[in-house]
Amino acid sequence: MEALKSPFIFPTPPYPNSFKKTTTATTVFYCSNAWSLSDGNPNKPKDDKARRINKQEAQHLTQLRRRHSSNQNPKKKWIKRTPEQMLRYIQDDRNGHLYGKHGVAAIQRVRSLSGKPYDMRQVMASFVAKLTFKEMCIVLKKQKSWRQVRDFFAWMKLQLSYRPSVIVYTIIVRIYGRVGKIKLAEQAFLEMLETGCEPDEVACGTMLCAYARWGRHKAMLAFYSAVQERGIMLPISVFNFMLSSLQKKSLHGNVTELWKQMVHKGVVPNHFTYTVVISSLVKGGLSEEALKTFNEMKNLGFVPEEVTYSLLISLSCKNGNRDEALRLYEDMRAVGIVASNYTCASLLTLHYKSGDYSKAVSLFADMERNKIAADEVIHGLLIRIYGKLGLYEDARRTFEEIGKLGLLSSEKSYIAMAQVHLKSGDLVKALSTMEQMRSRNIGFSRFAFIVLLQCYITKEDLASCEVTYEALSKTGPPDTISCNNMINLYMRRGLTKKAKDFVMQIRRDGVEFDEELLSNVMKIYCMEGMLGAVEQLIEEMRHNELFNCKFVQTFLLVMHGESRRPSEEKDNFEHLDQHRSLAFELLLILYLACDNSLKTEETLKLVLKTANNGLSVASQLVNQLIKEGTYYALLFSTFSY
């Protein structure tokens, strides 16, 4: 962009209302006719011969293609000509071309220079004064090498028939842009401005497409701003080129902004435009805008492609909008579009998460009927669904089938099968599946370590559990389920000290507590009589969502004499549920361990006083403590109910 110093290219400072040459005071006015040729003088007659000859050539080639496709007779069709037409054909030696023999010879002469040292003036010496301006434009257009284009154009400018034209510069910019010579294209565009030629929508669109083709998005958007300032209306093909280029680089925000500008200017989009824009809206997370644009596309009579449906279905599944995803799928089937395996995987995941396993199995049957190839992701989902339905043999058969097909490359398939074995109670096969994955050098993810830990917890292999937990900790703070399993294992083994050390470790690691983990930690603290640790943990919960749970509020009521929650003042613990009963049980254990008989008696009386079912709960607590061997429970028999 350094070569472009023209105010046309850069939008700041604000542009004047018309194109102006930098060296003279001559004003160049914009011409609304895309196929006209203007040199800046509004009084001079327009010459559109060069553009017209290009258009005629395109029409001629189209007619030839149509004749060829509609010709069922293998014999050659003769073209009828009048004697005068035949005489002119022979004289011009056109040989089927729309231009004369001099033009054909010049094209061949310039093309033959590729890869050779040459002097264009000497090569073209025999063509001086023989080629018209439009013939030189055609010779220029037919070249494939940018070097021959550059040198032939330099020779063109020395000819008497040459005159500066937006057409010839557009041809040069297009050829330079096609081979990635953006600097030369910019220089040609700047030279066009300096010679007084006014860029039209074709020239501007060609420059924009050159930027878009080679990923010069910053320069493209700056140039587009300059085009907007001039009020030039670009064709939809140019917008499509820019949108597609931006999307390929994942610049979805720029796609959305350009789309809004198109809508504001009244540019009529086509099928390709909607496809690109909807894709960027989905990937940009603008679900409402994507669905709105999709409905607009359908209302205009465009039939969306499978990839468009797939993106919207996947987006609806991620947002939990099950009805919308199913509606899109039925709409796609109604227009005869066969779903891809990616779309089917999204729907299978949706059915799996919602627990609608019958629809998932039905969808898999539709895939087999439509011969949609199932990949490893779909087979993995099918294994999980069979496991949820208790069809363990079907899950095993599916796992073996994808192994024979050579599709076992992802850890998700192994983990899914290991979980099915765990659910069926076959611990040996679950561990064997995980070891098989390790033997194939498939890396263990965080989730893989969680499943492996579950296997060792079920086996009660404490040493393997500790090693696996250590590996899990290196991937980040462990999950609460794994922490609960480790604590429960320690407590079943009677390893209270190890359980205390483990609790200190997870608190240092910043593990996020849930209600179950909190109750397990509280149980350890209470059994050990760690009153200070209990109070500290309850205070830490003040900044946690668990602060408002019934378990924590019960601790606050007993320990501080108030619930610190307005809603608790109204119900006053009229009914003790499971969470509140557990809190009272742990508090009684704590005060008994601390040998605080006064707080023990107050806690038990509070149970009787604050709950309609207090006597029943108190009896259950005493029985529970006796079963657990808490010798202080014998004191409860002395309390008067």
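Start by selecting Cys465 and Cys455: the sulfur of Cys465 is 9.8 Å from the closest cysteine sulfur, the one in Cys455, which is too far for a bond. A disulfide here means a pair of cysteine sulfur atoms within 2.5 Å, and a search of the whole structure finds zero of them. Cys465 counts as buried because its relative accessibility is 0%; buried means under 20% relative accessible area, exposed over 50%, and partly exposed in between (1.4 Å probe, protein chains only). Cys344 is also buried, at 1%.

Before moving on, a word on what you are looking at. This is a predicted model, in which local features need pLDDT of at least 70 and side-chain atom pairs count only at pLDDT 80 or more, while totals for chains, interfaces and linings use all residues. Residues are numbered from 1 along each chain as its sequence is written, and side-chain values use heavy atoms, leaving out hydrogens and water.

Now colour by pLDDT, the predictor's confidence in each residue, from 0 to 100. The protein has a mean of 77, and 77% of its residues reach 70 or more. Select residues 1–5, where pLDDT stays under 50 and the model has 17 contacts beyond four places in sequence; contact means heavy atoms within 4.5 Å. Then try residues 630–641, also under 50, with 23 such contacts.

Next, head for the largest nonpolar core. The term covers a set of buried Ala, Val, Leu, Ile, Met, Phe, Trp, Tyr and Cys residues joined through side-chain atoms within 4.5 Å. Which of its 171 residues touch the most other members? Select Met124, Phe152, Met156 and Phe555 to see them. Zoom in on Phe152: leaving out residues up to four places away in sequence, it touches Val110, Met120, Met124, Met136, Val139 and Leu140.

Helix α10, residues 217–229, is the next stop. Helices are DSSP runs (H or I, at least four residues), numbered from the N terminus. α10 has 13 residues and reaches 18 Å from its first C-alpha to its last, close to the 18 Å expected at 1.5 Å a residue; the expected span is 1.5 Å times one less than the number of residues. Show the side chains of its buried residues: His217, Ala219, Met220, Phe223, Tyr224, Ala226 and Val227. These pack against α8 (182–194), α9 (201–213), α11 (236–248) and α12 (252–265). Just after the helix, Gly231 takes a positive phi of about 70°.

On to the rings: the structure holds 14 aromatic pairs. Rings of Phe, Tyr and Trp (its six-membered ring) pair if their centres lie within 6.5 Å; planes under 30 degrees apart count as stacked, over 60 as edge-to-face and the rest as tilted. Select Phe399 and Tyr414, whose centres are 5.7 Å apart with planes at 75°, so this pair is edge-to-face. The two sit 15 residues apart, Phe399 in helix α20 (residues 392–404) and Tyr414 in helix α21 (residues 411–424). Phe399 is buried at 9%, and Tyr414 at 0%. For a cluster linked by ring pairs, select Phe133, Phe153, Tyr162 and Tyr169.

Finish at Leu326 in helix α16 (residues 322–334). Is Leu326 buried or exposed? At 18% relative accessibility, Leu326 counts as buried. Apart from its neighbours within four places in sequence, Leu326 is in contact with Leu347, His351 and Lys359.
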